[in-house]
Structures are given as C-alpha cells and as structure tokens.
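This report describes selected local features of one protein model. Please consult the sequence and the structure shown here while reading.

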Amino acid sequence: MEATETKPMTFKLFLEFIRFNAKTASAIPFLIGLLYSIYYFQEVNWLSSLIYFVAQMSIAFFVTGFNNVQDYKLAVDKTYRDTDNIIGREHLSPKHALHLMLFFLALSCCLGVWLVFRTNLLMLFMGAIGIGVTIFYTYGPMPFSRFPLGEILAGCAEGFGVFFLTAYINVAPTTLMGLFVNWPEFQLKGNLLSLFILVLVGLPSILADSNIMFADNICDLEQDQRNHRYTLPYYLGKKKSLKLYPLVILSCYVTASLAIILGLLPPEELIIFLVLPKIIQNIRTFERVQIKKTTFETAIHNLILFHSMQIIALAIAIVRTQLLK
C-alpha cells in the first residue's frame with residue numbers, strides 16, 4: 001500500500017476514520033460523571049473537567065483510529081483490507097494515519113500528567129492502567145479486541161472508567177480515594193461506601209457501552225472470522241448473541257432502578273422509562289437484521305436515548321436541590 005499513491009486525509013475522512021458518530025459513547029459518561037459530582041457530592045472543578053474532557057476525547061480518537069490501522073495491517077482477508085477498511089478503500093497512508101493517532105495519544109498523556117498535579121498521585125496510576133488497556137486493546141501479539149474480553153473491557157474502560165475519573169477529578173481525594181506520600185512513608189486511603197456508590201451508579205454506563213461493542217462484533221462476525229478475530233459472538237454463536245443483546249441494554253433499567261430505590265439517584269431518573277418503548281423498537285430492528293452501516297446505529301441510539309434521560313434527570317435534580325437551599 002505504501003508503494004502506491006496515497007491520498008491526504010481530509011477532515012471528512014478523518015471524522016469517518018475515528019468514527020465520530022460513535023464518540024457519544026465517550027462524551028456521555030463524562031457528562032453523567034460531571035453532573036453526578038455536582039448532584040451527589042456537591043463538588044465540581046471546571047478547569048480539571050475541561051482538561052479531562054479533551055484528554056478523554058483524544059484517547060477515544062486514538063482507540064478507533066489505531067484500531068483501523070491495526071485491522072488494516074493484520075487483515076488476512078484482502079477484500080476487507082482493500083474495500084472495507086477505510087485505509088485501503090480511500091488509499092490513505094497507514095504510516096501517516098498512525099502518526100496522527102500517536103499525536104492524540106501523546107496529547108492525552110500530557111494532559112493526564114497535568115491532571116495528576118491538579119488532583120492526586122493516584123491519578124497517575126489509574127491513568128496508566130487506562131492508557132495500557134487502550135494500547136493493548138488493538139496492539140500486541142494478543143490484542144484484547146480479538147478475544148471475548150473486548151466487550152467487557154470497552155464497557156469498563158470507556159463506560160465506567162470515564163464516569164469514575166470524571167467524578168474523581170471533581171471531588172477531594174479523601175472523598176473517594178487517594179495516595180498520600182510523606183517520604184519515606186506513603187498511605188492509600190479511600191471510602192468504600194463512596195466507591196460502591198459510583199460502581200452501582202456507573203453500571204448502566206458499562207452495560208450500554210459494552211452493548212455497542214457487542215452489536216459491532218455481531219455485525220462483523222463473518223468478517224472477523226476471516227481475519228482471525230475471535231470475539232464474544234464467535235464463541236456464543238449468532239443465535240445466542242442475539243438473545244443476549246437485548247438483555248444487556250435492558251439491564252441498565254434494573255441497575256438504575258436499584259440506585260433510585262437506594263436514594264443514590266434522584267427520583268427524576270424515572271424518566272428513563274419514557275424512552276423504553278423506543279429502545280425496545282430499536283432492539284427489534286437489530287434482531288431482524290444486523291448490518292454495520294444501518295442497523296448497528298440502533299445500538300448507539302439506545303445508549304444516547306437512555307443516557308440522555310439520565311443527563312436531563314440529573315440536571316433537573318441539581319436545579320431542584322439548589323432552589324430548595
């Protein structure tokens with residue numbers, strides 16, 4: 001490919017290359033984490049939030065773009081490489097595409113170091129774990145994306161990870177957990193109750209984000225098999241995968257309802273049930289036919305529908321609590 005003439009990556013191609021339409025999956029957990037920090041912990045740091053948002057979107061661009069580069073390089077199916085993968089189809093330079101993605105990775109790392117100085121030393125280790133998962137998701141002799149771990153890791157890293165870190169940078173380290181150094185001694189302190197609360201409230205983000213990756217892999221099942229990518233749908237089979245698919249997104253309602261009952265989410269969150277009929281309709285559409293360019297979008301729409309209601313509910317709850325003060 002490098003020996004033939006390559007085309008420059010236009011802005012339109014860049015947006016397709018990073019799958020900008022799917023980047024809502026990165027932005028929404030950030031908004032929920034920000035609003036939840038204001039609502040539940042009543043703390044917010046706007047500058048740290050802005051820094052983290054840019055860093056998170058940069059790493060989200062890197063993940064998708066780097067995945068495209070790796071899929072192109074590791075492709076066994078030449079038809080996929082030359083006609084389906086955007087690098088081959090649009091005659092882009094894999095080298096230039098990789099350099100662009102490495103820029104976003106470097107930008108994210110630099111902003112992450114800045115956040116360490118603004119928050120707590122523990123942020124360095126949590127960020128390093130996140131970067132490690134990001135890189136080895138598509139790189140190395142055994143990339144996570146080519147195994148059934150992919151869906152779970154995507155949900156935990158992009159769903160819960162973004163939600164948790166957004167909350168973490170907005171509250172005092174002693175509220176959640178922190179690493180405190182007084183040379184030569186160090187101390188790791190945390191609040192288990194606060195951590196449990198974030199895990200429960202963040203579960204819908206894990207489930208909804210994982211379901212997008214699951215739907216993506218269901219659509220790509222035959223293509224992935226030709227390219228030796230053995231994701232969860234490969235092991236479950238298409239029939240069982242389509243039975244599991246609706247259960248994952250509908251589990252968001254179970255976990256959110258539990259959080260509402262326990263008083264961890266405001267009663268306004270019940271508006272999530274307003275979009276349940278549309279989510280079920282989208283599920284039925286995907287169950288009938290699984291096409292990457294059309295019905296796959298229903299999985300993204302379900303995430304947007306559910307979490308949009310959560311965001312609206314949290315915003316209303318914040319206004320209500322502020323007026324009652």
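Leaving aside its neighbours within four places in sequence, N120 is in contact (heavy atoms within 4.5 Å) with Y168, P173, G178, L179 and F180. The model is predicted: local features need pLDDT of at least 70, side-chain atom pairs count only at pLDDT 80 or more, and totals for chains, interfaces and linings use all residues. Residues are numbered from 1 along each chain as its sequence is written, and side-chain values use heavy atoms, with hydrogens and water left out.

N120 is found in the loop between helix 6 (94-118) and helix 7 (122-136); helices here are DSSP runs of H or I with at least four residues, numbered from the N terminus. A polar atom of the N120 side chain lies 2.7 Å from the backbone nitrogen of L179, and L179 is also one of the contacts named above.

| Residue | Relative accessible area | Class |
|---|---|---|
| N120 | 6% | buried |
| C110 | 54% | exposed |
| C252 | 0% | buried |
| R288 | 64% | exposed |

N120 thus counts as buried because its relative accessibility is 6%. The structure holds zero disulfides, a disulfide being a pair of cysteine sulfur atoms within 2.5 Å. For C110, the nearest cysteine sulfur is that of C109, 6.9 Å away.

Two packed helices are described by the angle between their axes and the distance between the axes. Helix 13 (residues 276-288) and helix 14 (residues 297-323) pack at an angle of about 170 degrees, with their axes 9 Å apart. Axes are lines fitted to C-alpha atoms, for helices over the stretch in contact, and angles run from 0 to 180 degrees between N-to-C directions. The two helices are therefore roughly antiparallel to each other, a term that applies to angles over 145 degrees. On the side of helix 13, K278, I279, N282, I283, T285 and F286 take part; they meet T298, H301, N302, L305 and F306 in helix 14.

R288 is also found in helix 13. R288 and L242 are 46 residues apart in sequence, and their C-alpha atoms are 9.6 Å apart in space.

Confidence is expressed as pLDDT, the predictor's confidence in each residue, from 0 to 100. The protein chain has a mean pLDDT of 87, with 95% of its residues at 70 or more. Confidence is highest in helix 13, at a mean of 94, and lowest in helix 4 (residues 78-84), at 76.

Notes. Buried < 20%, exposed > 50% of the residue type's maximum accessible area, 1.4 Å probe, protein only. Polar contact = N/O pair within 3.5 Å; in protein donor to acceptor, adjacent residues only side chain to side chain. Parallel < 35°, antiparallel > 145°, perpendicular 65-115°, else oblique.
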